[in-house]
Amino acid sequence: MTVSPRNLVLAACVAATLATQAATAGELFGPGVISTGLQETSAALTPDGNTVYFMRSDFAEADDTILVSHRAAGRWSTPQVAAFSGQWHDSEPTLSPDGQRLYFVSNRPPHPDGAPVTATMNGRSFPGTNLWYVARQPNGGWGAPLHVDGALNDGAMIYNPSVAANGDIYFSAHREDSGKAYQIYVARDHGHATPERLALGDLANNRMDPAVDPLGRFLLYAGNEGDALGSADIYIVFRQPDGGWGKPEHLGGDVNSRTLENAPSLGPVFGELYVASARRDDVHFPKPRDDAAALQRRLQSPLNGSRNLWRFDISPLLRAHGITPAANAATAHPASAKKPA
């Protein structure tokens, strides 16, 4: 039987749609150790997958700190405050694909003896953020935090950096051309070039927390394009042949829930996706009667409505779009290197 080119195209479209819908069920990441009854977001794993940096905070997110945990014999160690964190409002760590730089945002003073960064929006002042990084030292540790002196730090509301293999830095921010919501930008030349806003659609829609493929072939982010199940969901956009971005696609399967999902990040394994989610255990009434100890345990458990880290596998979706594992994503030049934002 001869299959027409039109039918082949239709079959490919159907396969991509099914892959979008059939995301692998997620698993809670490090339950009780990394994911707890507090707020945990922004997982950043080293290339070997044996060290994770992440943010932990109170429910109000007034006190953010970057922690680190190491895996040995299949178990994650008790998280410790990262050597460069613990004094300022530090959050949203991300590693460069080669693991040689760790970027994060902070309200710490950009210059010695200066004032902390403060942001104002809708008449309210709060700790602002600038982009910083620490560089890997010969002894394996991190150097002193360095401020990224570029136009992306002109403002005080930059969030969730993500780094491509060629040093392009993607981030979300509220800038003069953002409209009323937050939008996603790219600053080339390791963040020193003037930021360019990504053309992803209506500026009335909020878009946050980009996670870029090291080769620039796709980008994930948190937002609401009109079909979110909760206040924010995870979307994916694919690079087009002309260098632009396609239409945002809502991730299916179990990635999104009727609660908040945000802060997506890519792990070192192909298709490995980490997401912060506020999903919780369902409570049905009448429930088994609690005593004080049982109530305390349940209310302090990871699935108490706090944000936790979840791991998903989106490799079927990526393969359906023709994306395969890169031989060496840490050193290859991304597809976005000389193409428009």
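Biologist: Is Asn160 buried or exposed?

Modeller: Buried means under 20% relative accessible area, exposed means over 50%, and partly exposed is in between, using a 1.4 Å probe and protein chains only. Asn160 has a relative accessible area of 9%, so Asn160 is buried. Bear in mind that this is a predicted model, where local features need pLDDT of at least 70, side-chain atom pairs count only at pLDDT 80 or more, and totals for chains, interfaces and linings use all residues. Residues are numbered from 1 along each chain as its sequence is written, and side-chain values use heavy atoms, with hydrogens and water left out.

Biologist: Which residues is Asn160 in contact with, leaving aside neighbours within four places in sequence?

Modeller: Contact means heavy atoms within 4.5 Å. On that basis the list for Asn160 includes Ser42, Glu92, Asp209 and Ala263, along with Tyr170, Phe171 and Ser172.

Biologist: Where is Asn160 placed?

Modeller: Strands are DSSP runs of E with at least two residues, and helices are runs of H or I with at least four, numbered from the N terminus. Asn160 belongs to strand β13, residues 158–163. Two strands pair if DSSP finds at least two bridges between them. β13 pairs with β14 in the antiparallel sense over 4 bridges, and Ser162 has Tyr170 of β14 as its bridge partner. The hairpin has 5 residues between these strands, and Gly167 there takes a positive phi near 95°.

Biologist: Which strand does β14 join through 5 bridges?

Modeller: That's β15, residues 183–187, running antiparallel to β14. Ile169 stands opposite Ala187 in β15. As for burial, 5 of the 5 residues of β14 (residues 169–173) are buried, so the strand is largely enclosed by the rest of the structure. Ile169, Phe171 and Ala173 cover one side, with Tyr170 and Ser172 on the other.

Biologist: On to rings. How many aromatic pairs does the structure hold?

Modeller: Rings of Phe, Tyr and Trp (its six-membered ring) pair if their centres lie within 6.5 Å; planes under 30 degrees apart count as stacked, over 60 as edge-to-face and the rest as tilted. The structure holds 9 such pairs. One of them, Phe29 with Tyr274, is edge-to-face, at 5.1 Å centre to centre and 65° between the planes. Phe29 lies in the loop between β1 and β2 and Tyr274 in strand β22, so this pair ties together parts 245 residues apart in sequence. Both residues are buried.

Biologist: Why is the pair of Tyr221 and Tyr235 called stacked?

Modeller: Because the planes of Tyr221 and Tyr235 are at 20°, with the ring centres 5.7 Å apart.
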